[in-house]
Amino acid sequence: MKRRDFVRFGWGSVIATGAGMLRPALAGSLPPWQSLKSLQHPIAATSEPRSVGRAADFTLRIAPTMVELAPQVVISTIAYNDKVPGPLMRVREGQQVAVEVVNETDVPEYVHWHGLFVPSEVDGAEEEGTPPVSPHGRRRYEFAANPAGSRWYHSHTEAMMDLHRGSYTGQFGFLMIDSGNDPGRYDQEVFLALREWEPYLSSKDQDSMRPDPDDPMPEKPTTPDTRPNGLEVANPLYSINDKMLGAGEPIRVQQGQRILMHFLNASASQIHRIGLFGHHFQVIALDGNRVPSPQIVDVIDIAPGERVDAIVEMNFPGVWILGELRDAARVSGMGIVVEYANHAQPRPQWLQPAKVRWDYTVFGTAASLSAPDQTIEMVFEKIPGGPHGINHWLVNGKEYPHEREFVFHEGKRYRLVFHNRTDDSHPVHVHRHLFEIVEFNGKPTGGIMKDTVVVPAFGRVAVELVANQPGLTLFHCHIQQHMDFGFKALFRYG
Ligand SMILES: [Cu+2]
């Protein structure tokens, strides 16, 4: 897509650094993102019946591509429409959306619509019974766009030991569902997807999930597990959208502007901590859902699968780095330059923001008065893999699959209590539903609606949801390796 197209659509220059934008195609015309290059790759004949009826609103073509993260740093990955992130899909709340997915790879694929209320057959999870997009085949996903907010889409394919599949690839993108009554007041909107590249297995701790010694750790066992840990996924390269720090266009701002930043952690493995010296983030939504108390914080913690929407007021002129607090991640690419107009200086500056603990409950309200109909306890444990193996993960003593699924009854309210008896933090995700955080490490709260929540190392988190989306529902840790090696479970409706 050409730069002038972004201007024509009324978007700032920043979006052009990463997320290409996609508008519903007009019948009979060439979609604006369809470059000559993609026309040179004829779509293979499909073995599946093609949907008939109206034209798709969006087309996603899954294919290998090259991404230039920085000059002379070009990686090979699988992506949607040769873009990383994939095209920005923007739809109205309640809109019927048809997405045609064309799989030009040799393996089955699943596209998951993360945070949406969609039936199991279109959710994009093999475990729930969604059919795959077969190799060199195509499949149409049709759903109503609900609920409003910052959603996203990504590959939900199992990877196991293949670090070139599933969420290790560039198959992810933003999906914005506009409510039409957005009360936000801002001058620019930017989309910032956090990513790592070139994964490998290592016994060296990358430090992203080290337990915070100040955490209460209510689930810490009295006798520590001394078995040696297994190999975990590590990465040498990082980016925001498709560029390493300094390689892309800066976020260009003017003093006094309010910038709405949509953060997405599209990582397969790492929790990130983001700061911008001299500025504050007013967090207005978590996982796309407005928070009851939009508090101002200096640092944003964001785990794989999570989204944070924050307004930043530009009142500290200069040229700054918005980036990861960990030096190793930031110097390896996880950052973007923020440049005030008329303040060009040779080097963007990084200064460490004050170290502040991230605490979901500051965005909540008084504890919920609701009483659940039933409480479901879920205990997470690790079987350490040793120096040459992979850790395996248990939910209530068993790796996936369980003999009997967890059962919901439609219309009932459930409290899920997550007991993390491991020394890692886990971002756990419930498909097709929103839940409310009701207790975090012993602290009651209410009103924070999410689809993914970090259960800290040796921590305990309770959430509540109303079972109002019949069908198989997948629960899992959003760290790809944990999910693939046991950390998942199914809920069914009884
Ligand atoms: Cu995990």
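Two strands are counted as paired if DSSP finds at least two bridges between them, and strands (E, at least two residues) are DSSP runs numbered from the N terminus. The model is predicted, so local features need pLDDT of at least 70 and side-chain atom pairs count only at pLDDT 80 or more, whereas totals for chains, interfaces and linings use all residues. Residues are numbered from 1 along each chain as its sequence is written, and side-chain values use heavy atoms, with hydrogens and water left out.

**View 1. The parallel pairing of strand 24 with strand 27.** Strand 24 (residues 374-383) is joined to strand 27 (residues 413-420) by 7 bridges. Within this pairing, E377 stands opposite V417 in strand 27.

**View 2. The aromatic pair of W358 and F363.** A search of the whole structure finds 21 aromatic pairs. Rings of Phe, Tyr and Trp (its six-membered ring) pair if their centres lie within 6.5 Å; planes under 30 degrees apart count as stacked, over 60 as edge-to-face and the rest as tilted. W358 and F363 form a tilted pair, at 5.4 Å centre to centre and with 50 degrees between the planes. Buried means under 20% relative accessible area, exposed over 50%, and partly exposed in between (1.4 Å probe, protein chains only). W358 counts as buried at 17% relative accessibility, and F363 is buried with a relative accessible area of 0%.

**View 3. The edge-to-face pair of Y360 and F440.** The ring centres are 5.4 Å apart, and the planes make an angle of 75 degrees. Because Y360 lies in the loop between strand 23 (335-340) and strand 24, and F440 in strand 29 (residues 435-440), the pair ties together parts that are 80 residues apart in sequence. Y360 is buried, with a relative accessible area of 3%, and F440 counts as buried at 14% relative accessibility.

**View 4. A cluster of aromatic rings.** Ring pairs link Y80, W113, Y141, F143 and Y153.

**View 5. Charges over the rings of W197 and Y400.** A charge sits over a ring if NZ of Lys or CZ of Arg is within 6 Å of the ring centre and within 35 degrees of the ring normal. R195 lies over the face of W197, at 4.4 Å from the ring centre. K488 lies over the face of Y400, at 4.8 Å from the ring centre.

Methods. Helices (H or I, at least four residues) and strands (E, at least two) are DSSP runs, numbered from the N terminus.
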